[in-house]
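Welcome! Let's take a look at how two parts of one chain meet, going step by step from rule to conclusion.

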Amino acid sequence: MIVGSVYGVVLNDREQNAGMMDAFGQKPYAAPPKAPVLYIKPHNTLRLDGAAVPVPGELPEVEAAATIALLFGDQLGVPVAAALALDVCEPHASYYRPAIRQRCRDGFLPMGSFVAYDLVALTKSEILTLIDGVQVHRWSLERLVRAIPDLIADVTAFMTLADGDVLLIGLAGDAPRARVGQRIEVRHAALPQLVTSFEQEVLA
Amino acid sequence: MRRARIFHQGRAVWAVLSDDQAELLLNDGVRVPVDGAQWLAPVTPGATVFALGLNYADHTAELGFKAPAEPLVFIKGQNSFVGHNGTSPRPQDGNQMHPECELVAIIGKPGRKISRENALSYVSGYTVACDYAIREYLENYYRPNLRVKNRDATTPLGPWIVDAADVADPQALALSTTVNGKIVQSGSTADMVFDIAGLIVYLSDFMTLKPGDMILTGTPHGVHFVAGGDEVVCEIESIGRLVNYPKLPG
């Protein structure tokens, strides 16, 4: 159960980082990232029940980045379950300041069911994203700059991943975008499918 | 009223501070002396804890930045908190670890798209934070990055939450940090770039604030690097005095 904090990591995609090598050397970054570049998805973003993602009217489209969520247990730093997740955000080009407004809107982290997993099986198959039934994106953990064991080691070098915490293992730099009215499916051979849809946000 | 979270006889409980501030009163009538109490950070599990960077003009200038056009917000993980009289690990190579005294506003009811005139009615109370940073670990990616601001037990909070009704004007409170008795930070919450009401308007514009959510509202100027074994005291007028001890490994 997610009783702790939900962490994610950006710039953990080899292909994305290869395209940013010039930018990494320039302002405002000045140097390539050393430690994993983490962010936090607060609990208002969680959607664990298959409910639709509310998209505010001012966002014509959002980034829908399919990834894998690891849930930690009582053995420090050891994930006990995995699920598919869709990390939704307002597209943003800069990684300089924390993207709170862009990443932390209500419902911007739908997740599938957590199940026991096998690391080899997770790595072997691709993560597929379908929009309205059409496959629009595929990527695999072979693209990760830090594979899962290295990522956990480098994060826990400076902070604890405790029981009830979640770690999203990375986002594809070429993740697709989606709009209100669309149905999204995320598939992986070793994990339960995640299905959600994007609806216009209606405020009470 | 002042409410604290303590560890007592095998469990975490909320308690009310007695008027003479000598005892903590539990729900079941038990009275725990303040001296020797095991203070926990008064944080509701699962709450979102926001923190602000560059929210005092004098501290912003000190760090060589211009005041940001929109609030510079980051979020804290639950690993980062530690209660009053606790220790905060200072890595051996963390020579640039500095305390940041901050007023914390606690949200008391759910809200979205909160108006400025109603904003402070969403605040149930206030507490004190010492939001340590370790500058050696700064990188220009989602800065201030988690390696600087989200290390285990490096965000002391407490000792207690003071009810909002007992704080006449949260934007006119003196705040200070002393290290081994020497003043290293001294300022007023009057000097925030974005005030508490403004921060509530900003955050609730794009997300729902929940009861228990907290906003650490930033720190005034004064960068002083701590050593292992120092006594660090962050104090805010009418709120409380939060004590912490940086500790080297071993």
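A polar contact is a pair of N or O atoms within 3.5 Å, where, within protein, one atom must be able to donate a hydrogen and the other to accept it. With that in mind, here is a predicted model.

Q: How many residue pairs are in polar contact across the interface of domain 1 of chain B and domain 2 of chain B?
A: The rule finds 5 residue pairs there, with both residues at pLDDT 80 or more. On the side of domain 1, β1 (2–8), β2 (11–17) and β5 (38–40) of chain B each give two or more residues. β1(B) gives the most, with 4 residues.

Q: Why is the pairing of Arg3(B) with Asp163(B) called a salt bridge?
A: The rule asks for a side-chain nitrogen of Lys or Arg within 4 Å of a carboxyl oxygen of Asp or Glu. The closest N and O atoms of Arg3(B) and Asp163(B) are 3.5 Å apart, so the pair qualifies. The count between the two domains is 1 salt bridge.

Q: What makes up the area buried between domain 1 of chain B and domain 2 of chain B?
A: About 1,200 Å² is buried, and carbon and sulfur atoms give 48% of that. Of the area that domain 1 buries against domain 2, Arg2(B), Arg3(B) and Trp39(B) supply 51%, more than any other three residues.

Q: How many residues of each domain are in contact?
A: In chain B, 10 residues of domain 1 are in contact with 17 residues of domain 2. The domain assignment gives domain 1 as 1–40 and domain 2 as 41–247.

Definitions and conventions. Residues numbered from 1 in each chain as written. Chains lettered and ligands numbered in written order. Predicted model: local features only at pLDDT ≥ 70, side-chain atom pairs only at ≥ 80, totals over all residues. Heavy atoms only, no water. Domains from an automatic or database assignment. Contact = heavy atoms within 4.5 Å. Buried area = accessible area lost by both parts, 1.4 Å probe. Polar contact = N/O pair within 3.5 Å; in protein donor to acceptor, adjacent residues only side chain to side chain.
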